[in-house]
Amino acid sequence: MKKIFLLAVLAGGLAFGQSKKVVASDVHWWGYKVAKSEASSHDGTVKVKSGDMVMKGNQLVGGSFVLDMTSISSTDLTGEYQQKLNGHLKNGDFFEVEKFPTASFKITGVKKNNDKVYNSLVTGNLTVKGKTSPITFPAKISYSKGVVSLVSNKFSFDRQKFDVAYKSTMQDVFVKDDIEMLVKVTAQ
């Protein structure tokens, strides 16, 4: 009976894929005022709290990631200005991290992309502030010696779909709806 159970577990793993735990990540974001320029933008990082990527053979077929929104931080500013912006991003004006300390992304599909560098298109459901919307982005995916790496091209999503809105009506007019991101994740 034990042999049958072990065989069923092994067969199930082959049918559904092998899960690899995220061991390293780098998530970078950019936000812009309506007049998009270096001078009218801010950028920073947010940490991946946990995640996994599911492989079937040498192909990525799924996965999920949890972002620690309490870690969101600007990297283009320092000192008092950085503290002010970080507080602003974390409060009710934008991400409300006390109420929504995490965001998540669940991969729902991966297909081949005809780009030489970014060989795949990754589709999934992004959940921010309890609201979920599908997004797709190009990524370079590689798998070697039990380690899978996903590096996205810069992509954007509409913050308004997640109620990430500057609460002052006039101010929200000056902030672009698109947030850009670049994601690097390694799992083994």
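Some ground rules. The model is predicted, so local features need pLDDT of at least 70, side-chain atom pairs count only at pLDDT 80 or more, and totals for chains, interfaces and linings use all residues. Residues are numbered from 1 along each chain as its sequence is written, and side-chain values use heavy atoms, with hydrogens and water left out.

Start with the fold. The protein has 3 helices and 9 strands. Both are DSSP runs, numbered from the N terminus: helices are H or I with at least four residues, strands are E with at least two. In sequence order the pattern reads α-β-β-β-α-β-β-β-β-β-α-β.

Now strand β1, residues 18–33. Which way does β1 run against β2, parallel or antiparallel? Antiparallel, with 10 bridges to β2, residues 41–56. Strands pair here if DSSP finds at least two bridges between them. S19 stands opposite V54 of β2. β1 also pairs with β9, again antiparallel, over 10 bridges. There, W29 has M181 in β9 as its bridge partner.

Next, the surface. The protein has 188 residues, and 38% of them are buried. Buried means under 20% relative accessible area, exposed means over 50%, and partly exposed is in between, with a 1.4 Å probe and protein chains only.

What about contacts? A contact means heavy atoms within 4.5 Å. Take the contacts with a separation of 6 or more: 56% of them join residues 24 or more positions apart.

On to charges. Side chains of opposite charge can pair when their charged atoms come close. How many salt bridges does the whole structure hold? The search finds 3. The rule is a side-chain nitrogen of Lys or Arg within 4 Å of a carboxyl oxygen of Asp or Glu.

First up, K129 and E96. Their closest N and O atoms are 2.9 Å apart. K129 sits in the loop between β5 (120–128) and β6 (131–144), and E96 in the loop between α2 (79–90) and β4 (102–112), so the pair ties together parts 33 residues apart in sequence. K129 is buried, at 7% relative accessibility. E96 is partly exposed, at 22%.

Next, E180 and K154, at 3.6 Å from N to O. E180 is in strand β9 (175–187) and K154 is in the loop between β7 (147–152) and β8 (155–158), 26 residues apart. E180 counts as buried at 15%, while K154 is partly exposed at 38%.

Then D177 and R159, at 3.5 Å from N to O. D177 is in β9, R159 in the loop between β8 and α3 (169–174), and 18 residues separate them. D177 is partly exposed at 34%. R159 is buried at 2%.

Last, the rings. The structure holds 3 aromatic pairs. Among them, F105 and F137 are tilted, 5.7 Å centre to centre with 45° between the planes. F105 is in β4 and F137 in β6, 32 residues apart. F137 also pairs with F155, stacked, at 4.5 Å and 15°. Phe, Tyr and Trp rings (six-membered ring for Trp) pair with centres within 6.5 Å; planes under 30 degrees apart are stacked, over 60 edge-to-face, the rest tilted. F137 and F155 are both buried. Ring pairs link F105, F137 and F155 into a cluster.
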